[in-house]
Amino acid sequence: MTADPVPAPPPAGARAARRSVVPAPSRAGWIVLWTAAVAGELGALSPLVLGGDNPFGEPVYLVFRLVGGSFTACGLIAWHRRPDNRSGLLMTATGFAFYVSPLLGLVDHPLATTIGHWLPDLWILFFVPLLLTFLTGGRLRTRVDRVLVGAVAVEVFVLAPLYLAFSPIEDNVMLVVAHPQLAAVVDVLQRTLLLAVCLATVVVVGARFRGASPPRRRALLPGVAGAACLLLFAALLVIDLVHAGSRVPRVSQVVLWLAACSIATVPLAFLVGLLRSRLARGGLTELVRALRTVGPDELQPTLAAALGDPALLVAYARPDGSYVDGAGAAVPLPGPDAERSIAVVERDGAPVAALLYDRTLDDDPELVEAVGAAATIALETRQLQAEAQARLAELAASRERIIAAGDAERRRIERNLHDGAQQGLVTLALQLSLIQRRIREDPADAELLVTSAGDELARSLAELRELARGIHPATLDHGLDIALDALATRSAVPTTVTVEPGPVLPEPVAFAAYCVASEALTNVARYARAGSASVSVRRPAGAVVVEIVDDGVGGADPALGTGLRGLGDRVEALGGTFAVSGAAGGGTVVAARMPLDR
């Protein structure tokens, strides 16, 4: 089964680069932002410094001013840490929005007073999209999200100015016509719209949390805390709407305190998420230690536990660019807008696997990169183990072939002795016995028998010498070049020998070179139907190369016979390489390269 080629996904190390897609403030910019945050918080708390009786009115409003500082501090930290994630920017904007009305209240000017009455709900304009986009990096992706944010914008920039246009409050520069009844109607519309936005946001966040994976639920924890805060503010709005024009019941103060305290849990939940990420990265040492003994079936669960994503999938790269899972099934790569992200694990610049994980983990790229690096180590270890197992299997097969070749060689020697030299000696013994009986009766006939016995003895000696050369050629004691010349002289195919001069070769190397040439020439004579052959010996640096070339029909394959395969085992046992290939003009090339420094 083949899969369509897919675009190469980004490697795990690209996460850090991707974080800087959105330009972040310069160092001077960060200094300005932190200075503004500190100044805003000090300004909001300045009535407490300046003194006076009950400077904040209700004590609960002191909590709201402290909440602004927590949002700006956590938001700036998040923005600096993850510039491409707009959640930090939205959190910072929410914190600064908390400062607007308190700071304007310090300015004794009608315009400042009017703007202070206009923008007390400005923080909701940033808070609602913050809750809705924790999973999308601060970006509005759905129509529901845009509608809810648009509704808040209508309340802040349309209904709030409209209320001031008819509200006869003191120092109201936006007053057009004093009409308390019409102002009250607009005020009810404002509260009703905010109530609907709060409830709808709670429903959306709750639904997303319910259907989310474990990593996405962890990313949504600040949103859940914010949804609980909005639910409490919705309760306050309901109380205000029900008791409009009457004394506010005491229960509203309790709910207001709960709402003020609950909103502080949003940046706290975010800090908990940061701490969890750092703790997770701190546990990578245990992950790397565990990967030393993790088997192939345990790799995916181990990495999933490290990332906190049970749905993590390890896909393995194929030469055609596609990916498959551990069972061999094709794995489609996620697109740019999918809920899953991908980190490629590379080895020597080539992809070997990919980690498919929850996209929310992109907010912690260091963790993803570290787990990707651990996966690289594990996969390299797995590859090395597989290569070691393959080498062991090949070694075992080579040993079996060597044993089988040794047994076959012994059987050949036994058969040659039995059918050749032994049979000749038996015949010679019978002839000598016959000569002994006839030498007195018929000397002439005995002389003929002696001649025949001499011929039989010569043939037996020749066969024994040939058999001895097969076991260990005596000419090899005088040098490889002389042994190869003798081999070429006996070859049935005209053969030329070229030996590059040099020092005497080690005995195992020289014997292996001779065996390669002998077996190759034997095959040329038997199967190649060649008109000529050549044997060459070269001496590249630190090695010797033996090459036998013929002009025959070609087609030699070491896998089809034990002769060439046994030669390959002999050469590889010396740390060399053995190859059989086709010659450029037809025929076969048998080449062996062996090191001299073993």
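In what sense do β1 and β2 pair, and over how many bridges? β1 and β2 pair in the antiparallel sense, and two bridges join them. The structure is a predicted model.

**The four-stranded sheet**

- Four strands make up an open sheet with antiparallel pairing, in the order β2-β1-β4-β3.
- β2 (323-324) and β3 (340-347) are the edge strands, and each of them pairs on one side only.
- β1 and β2 form a hairpin, with five residues between the two strands. In the turn, G321 has a positive phi of about 95°.
- Y316 has V324 in β2 as its bridge partner.
- On the way across the sheet, β1 (residues 313-317) also pairs with β4, in the antiparallel sense and over four bridges. V314 stands opposite L355 of β4.
- Eight bridges join β3 to β4 (residues 350-358), again in the antiparallel sense. Here A343 stands opposite L355 in β4.

- β5 (residues 495-499) and β6 (residues 533-538) run parallel and are joined by five bridges.
- Between these two strands the chain passes through helix α18 (residues 507-528), and this β-α-β crossover is left-handed.
- T498 has S536 in β6 as its bridge partner, and V499 has V537 in β6.

- Not counting residues up to four places away in sequence, T588 touches I548, V549, D550, G554, G555, A556, V580, S581 and A583.

**Nonpolar cores**

- In soluble globular proteins, nonpolar side chains tend to be buried together.
- The largest nonpolar core here has 48 residues. F71, W123, F127 and I263 have the most contacts inside this core.
- Eight helices each supply at least two residues of this core: α4 (60-81), α5 (87-104), α7 (122-132), α8 (143-166), α9 (180-210), α10 (214-242), α11 (251-263) and α12 (265-282).
- A second, separate core has 35 residues, among them F511, V516, L521 and L567.
- Leaving aside neighbours within four places in sequence, W123 is in contact with T94, A97, F98, F233 and I263.

**Aromatic rings**

- The structure holds seven aromatic pairs.
- Why does the pair of F98 and W123 count as stacked? The ring centres of F98 and W123 are 4.9 Å apart and the planes lie at 20°, so the pair is stacked; the cut-off for stacked is under 30 degrees.
- F98 is in helix α5 and W123 in helix α7, so this pair ties together parts that are 25 residues apart in sequence. Both F98 and W123 are buried.
- W123 also pairs with F233: the ring centres are 5.5 Å apart and the planes are at 55°, so the pair is tilted.
- The pair of W123 in helix α7 and F233 in helix α10 links distant parts of the chain, 110 residues apart. Both W123 and F233 are buried.
- F71, F98, W123, F127 and F233 are linked by ring pairs into a cluster. F71, W123 and F127 of this cluster are also among the residues with the most contacts inside the largest nonpolar core.

Notes: Residues are numbered from 1 along each chain as its sequence is written. This is a predicted model: local features need pLDDT of at least 70, side-chain atom pairs count only at pLDDT 80 or more; totals for chains, interfaces and linings use all residues. Side-chain values use heavy atoms; hydrogens and water are left out. A nonpolar core is a set of buried Ala, Val, Leu, Ile, Met, Phe, Trp, Tyr and Cys residues joined through side-chain atoms within 4.5 Å. Buried means under 20% relative accessible area, exposed over 50%, partly exposed in between (1.4 Å probe, protein chains only). Contact means heavy atoms within 4.5 Å. Two strands pair if DSSP finds at least two bridges between them. A crossover is right-handed if, with the strands pointing away from the viewer, the path from the first strand over the helix to the second runs clockwise. Rings of Phe, Tyr and Trp (its six-membered ring) pair if their centres lie within 6.5 Å; planes under 30 degrees apart count as stacked, over 60 as edge-to-face and the rest as tilted.
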